[in-house]
Amino acid sequence: MDFMKPILQVKNVTGGYSPRKPVLHDISFEISSGEMVGLIGLNGAGKSTTIKHILGLMKPQQGQVQVNGTTLDEDPEKYRAAFSYVPESPVLFDELTVEEHLRLTGMAYTVNEAEFEQKKEKLLEQYQMLPKRKAFAAHLSKGMRQKVMIMNALLANPPLYIIDEPFLGLDPLGIRSLLDQLVEVKEQGGAILMSSHILSTVEMYCDRFIVMHQGAIAAQGTLEQILEAAGLTVQGGTLEEAFYKLVAGGRPQ
């Protein structure tokens, strides 16, 4: 995979649920292969709406979204095959087992049999889900359901990963496994967009950041660039300090 090849391009997107009252206002950013980008903002800042536009669940009123060089209108199948998505709340089929969910994903993303078996066993072990491989989704805790979503995303191995609040419900081992694997994905050339409220983790693992506020991008770039945009000294400044400065005038809420 070509490192630093643009994988996700959001170009001048304005959109929302009503043309008369857009939620997003002319937002532009891109994510290249081999980088993890943190999407941060207060509740209602437009993060989920942005993700819905990328997923193709909402159509931009203006602008366009490209994934791996194509738009949803140009080639829906190619577009959707180029990303995997881990939502904030796990969505599973209650009457399928953990293993059957992985099998379904393998079929959807045409993962060959030998690779599927190898990846499946590795993921079940990494996420401490071997004893639950035959368990129906209906009988899993929220944290275990979230692990199934994450395992499915990692099994697919697409160019782009969209991960929305992935740590909710995960135990410490699950969080560590996910972060370690996201680093591995990035090192292999994957592009990752991760939305999270845990700013210290975002700062530690992401290469760049997009700060959203009231449907617009308040700042984006490296930590140094975010600190500069917030008017803070670069030396020793944190993402959290810059975030509060940019969205709340320096007052944590």
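Predicted model: local features only at pLDDT ≥ 70, side-chain atom pairs only at ≥ 80, totals over all residues.
The C-alpha atom of Ala108 lies 8.5 Å from that of Ala156, although 48 residues separate the two along the chain.

Two packed helices are described by the angle between their axes and the distance between the axes. For H3 (residues 98–108) and helix H4 (residues 113–126), the axes come within 11 Å and cross at roughly 140°. H3 is therefore oblique to H4. The crossing in which H3 passes H4 is right-handed. On the H3 side, the contact is formed by Val98, Glu99, Leu102, Arg103 and Gly106, which meet Glu113, Phe116, Glu117, Lys120, Glu121 and Leu124 of H4. Classified by residue type, this contact comprises four nonpolar, one polar and six charged residues.

Helix H6 (residues 172–187) contains 16 residues. The distance from its first C-alpha to its last is 23 Å, close to the 22 Å expected at 1.5 Å a residue. Buried positions in H6 are Gly174, Ser177, Leu178, Leu179, Gln181, Leu182, Val185 and Lys186. An α-helix has 3.6 residues a turn, so residues three or four places apart point the same way. The buried residues of H6 pack against strands E3 (35–41), E6 (160–164) and E7 (191–195), and against helices H4, H5 (142–156) and H7 (199–205). Following H6 is Gly189, which has a positive phi near 105°.

Definitions and conventions: Residues numbered from 1 in each chain as written. Heavy atoms only, no water. Axes fitted to C-alpha atoms, helices over the stretch in contact; angles between N-to-C directions. Helix = DSSP H or I, 4+ residues; strand = E, 2+ residues; numbered from the N terminus. Parallel < 35°, antiparallel > 145°, perpendicular 65-115°, else oblique. Left-handed = near helix turned anticlockwise from the far one by under 90°. Contact = heavy atoms within 4.5 Å. Nonpolar A, V, L, I, M, F, W, Y, C, P; charged D, E, K, R; others polar. Expected span 1.5 Å × (residues − 1). Buried < 20%, exposed > 50% of the residue type's maximum accessible area, 1.4 Å probe, protein only.
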